[in-house]
Amino acid sequence: MNSDLNQGSGAVADLVVGLDAGGTRTRALLAGLRDGRPRGEGTAGPGNALTVPGEELADHLTEALAGAVPEPLRGRVVAVAGGFAGAGHRGQGADEPGRVRAEAALATALARLGIAATVGVHSDIETTFAAAPGHPADGLVLVAGTGAVAARIAARTPTATSGGDGWLLGDDGGGFWIGRAAVRAALRAADGRSVPTALAHAIGRSLGLPPQTLPPEGYGATDTAPWSAEQRTAYRARLLPAVMARPPVRLADHAPLVVATAENEKDAVARQILTEAARRLTETVAALAPRPGETLVVTGGLLAPHGPLLLPLAERLAPLELAVTPVTDGSPGAVALARLAHDTRP
């Protein structure tokens with residue numbers, strides 16, 4: 001990096017940037033045009049093109065890009081490609097709302113930083129698929145982070161999708177779905193509609209409820225741990241306002257608690273939520289009529305290498321004989337698409 005910096009902005013234009021703009025984080029990756037080798041990285045807040053307001057989205061993109069590309073190198077960037085949650089693919093038309101918003105925010109961010117380059121805006125499923133080893137052109141992809149969507153890819157373009165309908169209408173098995181299921185389980189336990197679960201304590205503590213309203217340690221692991229009717233009533237009275245005071249998508253914040261409660265406390269309710277999430281993700285992939293031997297690229301906080309749902313998903317998909325390939329995020333795929341766009345320009 002030091003040698004790059006010393007060459008200054010008058011050197012040959014030989015760098016590209018890939019962006020992975022997801023529901024919880026935006027990552028920018030600076031890389032060499034010819035070799036794709038990473039040269040710098042920057043991160044910022046969420047980058048969903050439909051749920052993050054335009055000005056805030058531009059701010060997050062600016063912050064991530066500024067972290068990845070030091071000022072002396074900005075004149076050497078020849079191509080920028082971004083994969084955005086909430087953005088459609090090229091086949092859906094230039095006026096697809098998510099793409100329009102992503103393009104406007106990215107143009108603003110690049111102008112602020114003085115980066116003049118070829119720009120490509122893609123859906124996050126396109127860049128995720130391209131992030132697989134060898135940067136394949138055809139196959140299947142499943143993204144399971146805050147939301148959940150699967151797609152069939154042909155010639156690096158989605159030809160069919162499954163899921164991805166957003167937190168209100170779908171995204172079954174994603175982080176929002178898991179977090180909402182956890183809060184529902186806590187509420188049902190508190191009013192007696194369901195069995196005791198350690199999620200009640202974990203969710204209440206994470207939302208800052210008064211300690212005197214929380215169920216005792218061990219609640220859910222043993223039937224003898226007392227949780228009085230008065231405490232239950234106070235718990236529900238505090239929990240609902242705490243949830244409603246935050247944007248609905250923040251329910252996804254509770255997904256890691258479900259994983260921790262299932263693993264560390266062997267909680268049956270938490271385990272069942274994760275089992276059902278894996279089943280729904282499997283259903284999302286199966287809707288695309290997979291063929292034996294096809295590559296299935298998976299990513300997101302739930303399915304990245306060592307993600308909590310990777311193994312159960314792979315087990316459920318085993319009868320389909322897919323080549324399941326986990327990737328960490330879509331930024332390397334965005335780099336690959338930026339390099340490809342520059343090499344194939346007229």
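A crossing of two helices is called left-handed if the near helix is turned anticlockwise from the far one by less than a right angle, and right-handed if it is turned clockwise. Keep that in mind, because α6 passes α7 in a left-handed crossing.

Okay, some ground rules. What we have here is a predicted model, where local features need pLDDT of at least 70 and side-chain atom pairs count only at pLDDT 80 or more, while totals for chains, interfaces and linings use all residues. Residues are numbered from 1 along each chain as its sequence is written, and side-chain values use heavy atoms, with hydrogens and water left out.

Let's start with α6. Helices here are DSSP runs of H or I with at least four residues, strands are runs of E with at least two, and both are numbered from the N terminus. Helix α6 covers residues 175-190, so 16 residues, and from its first C-alpha to its last it reaches 23 Å, close to the expected 22 Å. That expected span is 1.5 Å times one less than the number of residues.

Is α6 mostly covered or mostly open? Mostly covered: 13 of its 16 residues are buried, and buried means under 20% relative accessible area, with exposed over 50% and partly exposed in between, using a 1.4 Å probe and protein chains only. After the helix comes Gly-192, with a positive phi near 85°.

Now back to that crossing. The axes of α6 and helix α7, residues 199-206, come within 8 Å and cross at roughly 110°. That makes α6 roughly perpendicular to α7. For the record, axes are lines fitted to C-alpha atoms, for helices over the stretch in contact, and angles run from 0 to 180 degrees between N-to-C directions. Under 35 degrees counts as roughly parallel, over 145 as roughly antiparallel, 65 to 115 as roughly perpendicular, and the rest as oblique.

Who touches whom? On the α6 side we have Ala-182, Val-183, Ala-185 and Ala-186, and they meet Leu-199, Ala-200 and Ile-203 in α7. Contact means heavy atoms within 4.5 Å. The residues in this contact split into seven nonpolar, no polar and no charged. Nonpolar covers Ala, Val, Leu, Ile, Met, Phe, Trp, Tyr, Cys and Pro; charged covers Asp, Glu, Lys and Arg; the others, Gly among them, are polar.

Next pair: helix α2, residues 54-68, and helix α3, residues 97-113. Their axes come within 8 Å and cross at roughly 45°, so α2 and α3 are oblique to each other. This crossing is right-handed. Among the residues making the contact are Leu-57 and Leu-61 of α2 and Ala-105 and Leu-106 of α3. The tally for α2 with α3 is eleven nonpolar, three polar and three charged.

Now a few single residues. Leu-281 sits in helix α10 and is buried, at a relative accessible area of 0%. Leaving aside neighbours within four places in sequence, its contacts include Leu-142, Asp-172 and Leu-313. Ala-21, in strand β1, is buried too, at 1%.

Arg-156 lies in the loop between β7 and β8 and is partly exposed, at 30%. Ala-289 lies in the loop between α10 and β9, and at 53% it counts as exposed.
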